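Colleague: I am new to reading structures. Could you take me through one, feature by feature?

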Amino acid sequence: MENCIFCKIIDQEIPSYKVYEDEKVYAFLDISQATKGHTLVVPKQHVTDIFDYDEELAADVFARIPKIARALEKAFPEMEGLNILNNNKELAYQSVFHSHVHLVPRYSKKDDFSIHFGNHAEQQKPEEMQAIADKIKEQVK
Ligand code: 5GP
Ligand code: ZN
């Protein structure tokens with residue numbers, strides 16, 4: 001897609017530090033390097049976000065992630081964990097609107113990377129939890 005920075009990276013119009021490529025995906029170092037080896041895995045097909053994927057594309061992209069994860073682990077044996085993240089839409093921190101999956105190697109609790117899951121369990125009664133689940137369930141096609 002025109003004016004898409006990740007399409008330009010995939011097409012080699014913009015340089016990148018490539019770590020893996022095949023007919024379906026392109027993986028390269030995130031310029032921010034949140035931690036050493038922070039890698040983005042992107043479908044070659046331009047899709048904006050997760051809401052644009054069909055099952056085949058989702059399978060194609062996720063199928064590649066374990067081997068890239070293992071490559072990171074082998075490349076950096078000091079790695080002690082890996083966060084896999086996919087941000088969708090601006091509110092959820094998406095800043096490049098060509099869908100991508102972040103692989104963020106973790107080295108220590110002090111590696112300047114964090115995710116905060118607030119616990120709001122007390123705000124929902126069991127019947128409200130059931131209503132929420134039912135509402136979603138009805139929409140899964
Ligand atoms: P998002 O915020 O959309 O989840 O992630 C976008 C990521 O793309 C950011 O972590 C940012 O550092 C990375 N990024 C943005 N522009 C470029 C670029 O030109 N080259 C590379 N390698 N990464 C980029
Ligand atoms: Zn694109």
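Modeller: We will go from the overall fold to the ligands and then to the loops.

Modeller: This is a predicted model, where local features need pLDDT of at least 70, side-chain atom pairs count only at pLDDT 80 or more, and totals for chains, interfaces and linings use all residues. Residues are numbered from 1 along each chain as its sequence is written, chains are lettered from A and ligands numbered from 1 in the order in which they are written, and side-chain values use heavy atoms, with hydrogens and water left out.

Colleague: How many helices and strands does the protein chain have?

Modeller: Helices (H or I, at least four residues) and strands (E, at least two) are DSSP runs, numbered from the N terminus. Here there are three helices and five strands. Along the sequence the pattern is α-β-β-β-α-β-β-α. The C-alpha trace spans about 50 × 40 × 25 Å along its principal axes.

Colleague: What share of the residues counts as buried?

Modeller: Buried means under 20% relative accessible area, exposed over 50%, and partly exposed in between (1.4 Å probe, protein chains only). Of the 141 residues of the protein chain, 33% are buried.

Colleague: Which residues coordinate the zinc ion (ligand 2)?

Modeller: Donors are N, O and S atoms within 2.8 Å of the metal (3.2 Å for Na, K and Ca); water is not among the atoms, so sites may look incomplete. The donors here are Cys4 (SG), Cys7 (SG), His46 (ND1) and His98 (ND1), at 2.0 to 2.3 Å. Their spacing in sequence is C-x2-C-x38-H-x51-H. Cys7 sits in helix 1 and His46 in the loop between strand 3 (39–43) and helix 2 (55–75), so this pair ties together parts that are 39 residues apart in sequence.

Colleague: What geometry does the site of the zinc ion have?

Modeller: Four donors count as tetrahedral if all angles lie between 85 and 135 degrees. The ideal angle for four tetrahedral donors is 109.5 degrees. At the zinc ion (ligand 2), the angles among the four donor atoms are 105 to 116°, and the site is tetrahedral.

Colleague: What surrounds ligand 1?

Modeller: A residue is near a molecule if one of its heavy atoms lies within 4 Å of it. The shell around ligand 1 holds 16 residues, and the closest are Asp30, Asn87, Tyr93, Ser95 and His102. Helix 1 gives the largest share, three residues.

Colleague: Which polar atoms lie by ligand 1?

Modeller: A polar contact is a pair of N or O atoms within 3.5 Å; within protein, one must be able to donate a hydrogen and the other to accept it, and residues adjacent in sequence count only if both atoms are side-chain atoms. A polar side-chain atom of Asp30 is 2.5 Å from an oxygen atom of ligand 1. A backbone N or O atom of Leu29 lies 2.9 Å from a nitrogen atom of the ligand. A polar backbone atom of Val96 is 3.0 Å from an oxygen atom of ligand 1.

Colleague: Where is Gln94?

Modeller: Gln94 is in the loop between strand 4 (81–85) and strand 5 (101–106). Gln94 is buried, at 2% relative accessibility. A polar atom of its side chain lies 2.9 Å from the backbone oxygen of Thr48. Another contact pairs a polar side-chain atom of Gln94 with the backbone nitrogen of Lys89, at 2.7 Å.

Colleague: What is the phi of Lys89?

Modeller: Phi of Lys89 is near 80°, a positive value in a residue other than glycine. Lys89 is partly exposed, with a relative accessible area of 46%.

Technical notes. Tetrahedral: all angles 85-135°; square planar, octahedral: opposite > 155°, others 65-115°.
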